[in-house]
Each structure stands twice: as structure tokens, then as C-alpha cells.
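Here's a quick tour for anyone meeting this structure for the first time.

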Amino acid sequence: MYQRAPVNADEGTSLTVAEGTATLDVPISSESHHPLGAVHGAVYFKALDDAAFFAANSLVEDVFVLTTNFTIHLERPVSDGTIHAEGRVVNDNPNQLIAEAVAHDDAGNELARGSGVFQRSNSELTADIGYE
């Protein structure tokens, strides 16, 4: 499902999902740099949101979850290598799920962290959207 989304088509990312967790590796390219030569914050946001989202959706087997709120804290710039984002669910209740994600560089330095609130939607998880 992740790779079939047009927004993820050219990223070369790798996603691993387990129950309540997800890991996303995003290779960095110069096309994602801001004018000072480091990765733009939008890339951090997407990596953290995607890791937290898939951690949350791993606990919901029938419908797509939606991000209703996501907050990030940018901690350190990175210009090359890979962003490794790890997400995990910290609260699962009938009305919403709360998940956190942390991003590291290849040397293990923490780059950013975020947390989000996810809500169950009315959109079913089906094979036609790439759900397996």
C-alpha cells in the first residue's frame, strides 16, 4: 500500500510493519535539500508521520486510519545518507490511537521526533488500494 501511493513512487524507501510498530528508511537526495544544503523539514515530517501512521494502522485491520494531529521537533540537520524513522503506538483506545516516531541518521544521531493522533476512518482496507 505504501509503495503504490504516488507520493512515495520515487523515494526508494523501505517500510517494515509489525504489530504496533513500523520502521521506515528514507534515502536522502540533494533534491530534498533546502538552500543551506540540509534536508528540508518536510522530509522529516513525512518520515515521522508515515512511521507513526503505519504503526497505528497495524492495529486496525478493517479501515484506513487518518492523521488528525501530528507534532514534530526538529533536532539536528542531515545532508546525506538515510533517515531511519521508527514509529510505535503508545495508546490505543476505541476513539483514537496515539503513536510516536523517532528519526535517526546512519550514525545513530537523533534527528527529529514526533507524535500524532490517528482516528479510524470509514474507508475500508482493500486490495484495490494495495492493502495486503
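Glu124 is exposed, with a relative accessible area of 57%. Keep in mind that this is a predicted model.

**Around the end of β6**
- Glu124 belongs to strand β6, which covers residues 110–124.
- Move on to Leu125 and you're in the segment after β6.
- Leu125 counts as buried because its relative accessible area is 10%, and the cut-off for buried is under 20%.
- Leu125 and Glu61 are 64 residues apart along the chain, yet their C-alpha atoms are separated by 7.3 Å.

- Thr13 sits in the segment before β1, a strand that runs 14–18.
- Thr13 is another buried residue, with a relative accessible area of 9%.
- What does Thr13 touch, leaving aside its neighbours within four places in sequence? Its contacts are Tyr2 and Gln3, plus Leu24, Asp25, Val26 and Pro27.

**Inside β1**
- Thr16 is part of strand β1 itself.
- Setting aside neighbours within four places in sequence, Thr16 is in contact with Thr21, Ala22 and Thr23.
- Thr16 and Gly81 lie 65 residues apart along the chain, and 19 Å separates their C-alpha atoms.

Definitions and conventions. Residues are numbered from 1 along each chain as its sequence is written. This is a predicted model: local features need pLDDT of at least 70, side-chain atom pairs count only at pLDDT 80 or more; totals for chains, interfaces and linings use all residues. Side-chain values use heavy atoms; hydrogens and water are left out. Helices (H or I, at least four residues) and strands (E, at least two) are DSSP runs, numbered from the N terminus. Buried means under 20% relative accessible area, exposed over 50%, partly exposed in between (1.4 Å probe, protein chains only). Contact means heavy atoms within 4.5 Å.
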